[in-house]
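I opened my notebook to record what I looked up in this structure. The entries follow in the order I made them.

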Amino acid sequence: MSIKQNDKKKAPLRSIERFHHFRCGHCSGWWGIGDAPADRKDWYCPWCGKKNSFKKALTARAIPC
Ligand SMILES: [Zn+2]
């Protein structure tokens with residue numbers, strides 16, 4: 001099968017992603033996940049592997065500069 005035979009045109013697709021920023025309470029490392037489930041509280045840090053229980057996410061305006 002050549003690339004041309006499999007090259008059917010598809011409709012262009014555009015979507016919006018909500019990017020969640022996390023800071024570990026154990027090692028202070030940061031990581032991010034696009035479209036993370038908003039109601040999930042427990043996440044494991046990819047840097048140190050420890051579990052974090054997060055409260056409701058802050059909005060961008062609530063984060064001090
Ligand atoms: Zn960590």
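**Entry: T59**

Is T59 buried or exposed? T59 is exposed, because 7 other C-beta atoms lie within 10 Å, and the cut-off for exposed is 12 or fewer. I then looked up its place and found T59 in the segment after β4. Next I checked T59 against H20, which is 39 residues away in sequence. Their C-alpha atoms are 9.9 Å apart in space.

**Entry: the whole chain**

I stepped back to the elements. The protein has four strands and zero helices. Read from the N terminus, the order is β-β-β-β. How many of the residues are buried? I noted 0% of the 65 residues. I also looked up contacts between residues at least 6 apart in sequence. Of these, 16% join residues at least 24 apart.

**Entry: confidence**

I checked pLDDT before going further. The mean for the protein is 87. A value of 70 or more is reached by 82% of the residues. I then compared the elements. Which one has the lowest confidence, and which the highest? β1 is lowest, with a mean of 95. β4 is highest, at 98. I wrote myself a reminder: where pLDDT is low, the predicted coordinates should not be read in detail.

**Entry: β1 and β2**

I looked at how these strands pair. β1 covers residues 19–23 and β2 covers residues 30–34. They pair in the antiparallel sense, over five bridges. I looked up two of the facing pairs. H21 stands opposite G32 in β2. F22 has W31 of β2 as its bridge partner.

**Entry: S28**

I moved to the turn of the hairpin. Six residues lie between β1 and β2 there. S28 is in this loop between β1 and β2. What is the phi of S28 near? It is near 65 degrees, a positive value in a residue other than glycine. I checked exposure too. S28 counts as exposed because it has 10 C-beta neighbours inside 10 Å.

**Entry: D35**

I looked for another positive phi and noted D35. Its phi is near 55 degrees, and D35 is not a glycine either. D35 is placed in the loop between β2 and β3. D35 has 11 other C-beta atoms within 10 Å, so it is exposed.

**Entry: W31**

I came back to W31, which sits in strand β2. Why does W31 count as partly exposed? The reason is its count of 13 C-beta neighbours inside 10 Å, since a residue is exposed at 12 or fewer and buried at 20 or more. I then listed what W31 touches, leaving out residues up to four places away in sequence. The list holds F22 and P46.

**Entry: C45**

I turned to the loop between β3 and β4, where C45 is placed. C45 is partly exposed because 19 other C-beta atoms lie within 10 Å, and the cut-off for buried is 20 or more. Which residues does C45 contact, leaving aside neighbours within four places in sequence? I noted C24, H26, C27, G29, K50 and N52. I also checked C45 against W31, 14 residues away in sequence. They are 7.8 Å apart, C-alpha to C-alpha.

**Entry: P46**

I finished with P46. P46 is in the loop between β3 (42–44) and β4 (51–53). Is P46 buried or exposed? P46 is exposed, because 12 other C-beta atoms lie within 10 Å, and exposed means 12 or fewer. I then looked up G29, which is 17 residues from P46 along the chain. The two C-alpha atoms are separated by 8.5 Å.

How values were computed:
Residues are numbered from 1 along each chain as its sequence is written. This is a predicted model: local features need pLDDT of at least 70, side-chain atom pairs count only at pLDDT 80 or more; totals for chains, interfaces and linings use all residues. Helices (H or I, at least four residues) and strands (E, at least two) are DSSP runs, numbered from the N terminus. Two residues are in contact if their C-beta atoms, placed from the backbone, lie within 7 Å. Two strands pair if DSSP finds at least two bridges between them. pLDDT is the predictor's confidence in each residue, from 0 to 100.
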